[in-house]
Amino acid sequence: MKLIAGAAALLIALMTVAGCGGNPAGSQPCHEETNGVYYWKTVFAPNSAELAFIDGHDVGRIYLRMFDVTVNPDAGPDKTVPNASVRIDYDTYENLMQDSLNGKEFVPVVYVTLDALKRMEGDENELAGNIVSRLKNMVSYNGLPNVAEMQLDCDWTISTEPSYFKLCEDVKNRLKQEGLPWRLSSTIRLHQLRRKAPPVDCGVLMVYNTGNFDDPDADNSIIDIKDIEPYLKHIPSYALHLDVAYPTYSWQLLFRKRQFLGLMNNVDVADTTAFTRVAPNRYVARRNIPCNNRVIRPGDMVREEQSAYPGISEVKERIESKLANRPHSNILYHLDSKNLSKYSYDEIDNLYSTAR
């Protein structure tokens with residue numbers, strides 16, 4: 001009886017300590033804190049400016065998108081197929097690994113589309129096996145070094161949550177069966193903070209694409225404190241270790257009669273013969289403008305959106321206050337020298353800093 005009483009007292013003491021520490025169960029660090037960056041291109045061939053960025057900002061972890069899982073358009077025996085697999089540039093790869101990227105940790109990432117997740121409902125174990133097998137082969141074939149974690153990226157919803165959680169459980173089981181000592185992480189969207197945490201080892205809170213990009217009245221769908229504010233209260237109690245990813249990209253969105261038509265790039269909205277500026281980041285076409293295999297028609301609106309440092313910094317300050325007692329890393333999305341050149345060294349350094 002004394003032994004049982006002592007064990008009970010110890011359990012109560014541990015629960016008390018856990019409750020006073022400010023860290024919810026499951027929020028313990030699952031890996032070393034280090035600056036991170038996503039690489040989201042179809043060819044892995046970072047240029048000299050991108051390599052200098054990694055070196056200059058002590059980036060220790062690279063999240064490398066390996067492939068997407070999409071619906072099989074032929075609807076054959078395999079309901080889903082890998083798509084847009086990354087290609088390694090072997091002309092420079094070996095030198096990169098021995099020099100610029102020597103010692104960096106790589107996290108292979110698989111993006112699972114929502115349509116693919118729906119199509120595989122009930123067959124999550126099959127999908128998990130296909131993902132792990134393909135990822136294992138790609139990591140081995142490409143000689144990807146220092147892999148201790150893989151990541152699933154999926155914007156699951158309330159209705160698809162059971163299927164996604166089953167997929168996560170099956171992936172973890174497959175990793176064990178394959179003898180792969182990898183952690184499993186998952187991206188976490190802001191709206192998912194309201195839900196139960198998925199059965200993974202850690203998560204990355206995606207603080208970008210926070211608004212509705214197809215809303216013609218949105219100010220900035222990439223990142224806006226107004227969109228993020230309602231979810232901040234869920235961060236301190238979220239039962240999973242969270243790292244945080246911030247955007248460093250920009251894009252242009254095309255609307256016709258208030259209907260979203262698609263993403264654009266390199267539209268010269270500064271050409272006053274082609275566009276009239278009607279708001280700080282909105283431009284209305286004055287004539288037909290061929291662009292990106294599309295014709296922008298008179299009256300169409302182009303909205304330019306940026307990941308401006310002041311906006312990111314404001315959001316980051318709020319999030320850091322919620323994670324002050326929880327070790328975490330900050331990650332930038334994504335490694336692209338054109339976009340990263342818009343920030344000063346000190347600005348990047350501040351985005352990587354974490355509250356202590």
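**View 1. The lining of the largest pocket, sorted by residue class.** The lining of the largest pocket in this predicted model holds 14 nonpolar, 14 polar and 9 charged residues, where Ala, Val, Leu, Ile, Met, Phe, Trp, Tyr, Cys and Pro count as nonpolar, Asp, Glu, Lys and Arg as charged, and the others, Gly among them, as polar. The space in the largest pocket amounts to about 1300 Å³. Of its 37 lining residues, Tyr208, Asn209, Tyr249, Trp251 and Leu263 are the closest to the centre. Two or more lining residues come from each of strand E11 (251-256), strand E12 (259-264), strand E17 (301-305) and helix H9 (337-340). A pocket is an open set of points on a 1 Å grid over the protein atoms alone, where a 1.4 Å probe fits, with protein on both sides within 12 Å along at least five of seven lines, and lining residues have an atom within 4 Å of a point. Helices (H or I, at least four residues) and strands (E, at least two) are DSSP runs, numbered from the N terminus.

**View 2. Helices H8 and H10.** The axes of H8 (residues 309-322) and H10 (residues 345-352), which are lines fitted to C-alpha atoms over the stretch in contact, come within 10 Å and cross at roughly 25°. H8 and H10 are therefore roughly parallel to each other, a term for angles under 35 degrees. Tyr309, Ile312, Ser313 and Lys316 of H8 make the contact with Glu347, Asn350, Leu351 and Tyr352 of H10, contact meaning heavy atoms within 4.5 Å. By class, 4 of these residues are nonpolar, 2 polar and 2 charged.

**View 3. Helices H5 and H6.** The axes of H5 (residues 124-142) and H6 (residues 161-177) come within 8 Å and cross at roughly 50°.

**View 4. Two backbone details in loops.** Most residues other than glycine have a negative phi, and most peptide bonds are trans. The peptide bond from tyrosine 333 to histidine 334 is cis, with omega near 5°, and histidine 334 lies in the loop between strand E18 (330-333) and H9. Lysine 257, in the loop between E11 and E12, has a positive phi, near 50°.

Residues are numbered from 1 along each chain as its sequence is written. In this predicted model local features need pLDDT of at least 70, side-chain atom pairs count only at pLDDT 80 or more, and totals for chains, interfaces and linings use all residues, while side-chain values use heavy atoms, with hydrogens and water left out.

Terms used: Points joined across faces, edges and corners; volume = space filled by probe spheres on them. Axes fitted to C-alpha atoms, helices over the stretch in contact; angles between N-to-C directions. Parallel < 35°, antiparallel > 145°, perpendicular 65-115°, else oblique.
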